[in-house]
Amino acid sequence: MASQHISVPSHASGLVHANVRLRSRFTIVSNLLAQHRALSLLAIGLAVHLQSLPEGASVGIKAIASRFPESELRVAAAMRELEQHGFLSRTRERLPDGRILPRTTSYNFPEAEPERPREIPPPPAPEPEPEFGPEPDFEPEFGPEPDFEPESEPEPEPEPELEPVPEPVPAPEPTPVPEATPKPTPAPLPRRHHQAAELLARLRTYDPRLLLSTRDIERLAPGLTVWLDRGAHPDAALRTLAASLPADVRHPAALLAHRLTTLLPPPLPTAPHGRTVLPLQTCDGCERAFRAPTPGHCRDCRPHTDKAA
């Protein structure tokens, strides 16, 4: 077993770390998550547990609640916290056969993109060794010996031996560059969410800090559509979402996702005995909400408007 290393003297007050160097079965967690001030301890522990699981593990609310003593309600609340702060994303993916499967993505940094593995090019082919031709096969021929000794002549200088020229080495073939995989085109936003998307794009006119990207608008539009379906007036919904903002807005999309969930208005009550409930209108004079079939002025502003006319 590895020796323990105490990071501070034993007589110091406060926390003391007794650390052991881990060489297997460990998970790296950023301090941004471990020391997050806005997340609960349950949400931080759930995020660490999700990051330690392998790809393809079952991480539904029922599956996680079956492993720990916390109830399904507490696990669901912790997941919503992680979604609001960008550490978790839950979507649904439609398969080619028509089935819809849930997909849960855990981020070690809010809205981080996964790293792509670097492609290592193959090593170049070794150069072939030069081939030499066969050595000449001949024997020198000598004539008959003369009867007399000829005068001595200077011996000719030996001709230099020619070194064989090696064959040219073929150049290595260029490594083919892999073609980039085209990214799938996202599905267009359904028509019933277009009004909600336009309202979310107008939020920056109320406060410049509520500037949203196209991706965030498409993700938040279904939540605002539920508000409109429950009879919320568009202007009233925008004022509610943009009211009482904190001093430091770092993640406007996460803040709006939290408000769309926690401030969701209740559905309109059904009218008894077939009675029709008039929709809410905003007064053109004092901007006060009142019920009327069409837009116009409220009961207090209507006499002044008629008198001016």
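**Close-up views of a predicted model**

**View 1. Confidence along the chain.** In this predicted model, confidence is lowest in strand 1, residues 5–6, with a mean of 54. Confidence is highest in helix 4, residues 72–84, at 91. The chain averages a pLDDT of 78. Of the residues, 71% score at least 70.

View 2. Helix 7 covers residues 214–229. From first C-alpha to last, its 16 residues reach 22 Å. That is close to the 22 Å expected at 1.5 Å a residue. The helix bends by about 40° at alanine 221. A proline, proline 222, follows within four residues. After helix 7 comes glycine 231. Its phi is positive, near 90°.

**View 3. The buried residues of helix 7.** Alanine 221, where helix 7 bends by about 40°, is itself buried. Asp216, Ile217, Leu220 and Leu224 are also among the buried residues of this helix. An α-helix has 3.6 residues a turn, so residues three or four places apart point the same way.

**View 4. Helix 9 is mostly covered.** Eight of the eleven residues in helix 9 are buried. The buried set includes Pro252, Ala253 and Ala254. Leu255, Leu256 and Ala257 belong to it too. Arg259 and Leu260 complete the list. What covers these residues includes helix 4 and helix 6 (203–206). Helix 7 and helix 8 are also part of the cover.

**View 5. Serine 244, in the loop between helix 8 and helix 9.** Helix 8 spans residues 234–242, and helix 9 spans 252–262. Serine 244 lies in the loop between them. Its phi is near 50°, a positive value in a residue other than glycine. Is serine 244 buried or exposed? Serine 244 counts as exposed because its relative accessibility is 70%, and exposed means over 50%.

**View 6. Arginine 25, in the loop between strand 2 and helix 1.** Strand 2 covers residues 18–19, and helix 1 covers 31–34. Arginine 25 sits in the loop between the two. Arginine 25 is not a glycine, yet its phi is positive, about 55°. With a relative accessibility of 86%, arginine 25 therefore counts as exposed.

Notes: Residues are numbered from 1 along each chain as its sequence is written. This is a predicted model: local features need pLDDT of at least 70, side-chain atom pairs count only at pLDDT 80 or more; totals for chains, interfaces and linings use all residues. Side-chain values use heavy atoms; hydrogens and water are left out. Buried means under 20% relative accessible area, exposed over 50%, partly exposed in between (1.4 Å probe, protein chains only). pLDDT is the predictor's confidence in each residue, from 0 to 100. Contact means heavy atoms within 4.5 Å. The expected span of a helix is 1.5 Å times one less than its number of residues. The bend at a residue is the angle between axes fitted to the seven residues ending there and the seven starting there.
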